[in-house]
Amino acid sequence: MTDAFLIGFGVFTIAMAAGVVLARSPVYSAFSLILCFFGLAGIYVMWSATFIATLQILIYTGAIVVLFVFVVMLLNLARSQILTYGSIAVAAIGIVIWLFSFTLLRVLTKGSSEAIANPTPGTLRALSEILFSNYLWPF
């Protein structure tokens, strides 16, 4: 039953992430981003990481997306002002950026667990060690 919910949250999050990219209106894109963040928070809850799920909702949904919506509404973008590129070029640039980010993250986190000594449980150092070693990919 837990796996079904986890898969459901994952499919929902991926669908909303696709909605962010494929939406024609920036406001609809922002609303899809909000739902994507809620789906990601649901995945964190399923992993018993309620603190990270709460931070996900408070920080990303509560601050960053609201700021994005305000900026979009203040700019009042018309259709002629939005840049359009060929879909092949956008896909190629996206893949290159993703590969660079993936490689950079793998290189930077290769020896991160050995650099931290055994911290005492319940401290900020212990939480950060777990967050940046075991939960780095979801974070």
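Select Ser-48 to start: this residue sits in the loop between α2 and α3. Helices here are DSSP runs of H or I with at least four residues, strands are runs of E with at least two, and both are numbered from the N terminus. The model is predicted, so local features need pLDDT of at least 70 and side-chain atom pairs count only at pLDDT 80 or more, while totals for chains, interfaces and linings use all residues. Residue numbers run from 1 along each chain as its sequence is written, and side-chain values use heavy atoms, with hydrogens and water left out.

**Stop 1: the loop**

Stay on Ser-48. Its phi is positive, about 65°, although Ser-48 is not a glycine. Most residues other than glycine have a negative phi. Is Ser-48 buried or exposed? Ser-48 counts as exposed because its relative accessibility is 65%. The cut-offs are under 20% relative accessible area for buried, over 50% for exposed, and partly exposed in between, with a 1.4 Å probe and protein chains only.

**Stop 2: the cores**

Now select Ala-41, Tyr-44, Ala-49, Ile-52, Ala-53 and Leu-131. These 6 residues form the largest nonpolar core. Such a core is a set of buried Ala, Val, Leu, Ile, Met, Phe, Trp, Tyr and Cys residues joined through side-chain atoms within 4.5 Å. Which elements give two or more residues to this core? They are α2 (26-46) and α3 (50-75). Apart from this core lies another, of 5 residues, including Ile-34, Phe-37, Val-65 and Val-69. In soluble globular proteins, nonpolar side chains tend to be buried together.

**Stop 3: the surface**

Select Leu-58, Ile-59, Tyr-60 and Ile-64. Together they make a nonpolar surface patch of about 360 Å². Nonpolar side chains (Val, Leu, Ile, Met, Phe, Trp, Tyr) are joined within 5 Å, like charges within 9 Å. Pick out Ile-59, in helix α3. Ile-59 counts as partly exposed because its relative accessibility is 41%.

**Stop 4: the whole chain**

Zoom out. The protein has 5 helices and 0 strands. Of its 139 residues, 19% are buried.

Finish by colouring by pLDDT, the predictor's confidence in each residue, from 0 to 100. The protein's mean is 78, and 78% of its residues reach 70 or more. Where is confidence highest, and where lowest? Helix α1 (residues 2-22) is highest, at 90, and helix α5 (residues 124-133) is lowest, at a mean of 76.

Key: Patches are made of residues with over 30% relative accessible area and no salt bridge: like charges are joined within 9 Å, nonpolar side chains (Val, Leu, Ile, Met, Phe, Trp, Tyr) within 5 Å. Accessible areas come from the Shrake-Rupley method with a 1.4 Å probe; for residues, only the protein chains shown count as cover. A salt bridge is a side-chain nitrogen of Lys or Arg within 4 Å of a carboxyl oxygen of Asp or Glu.
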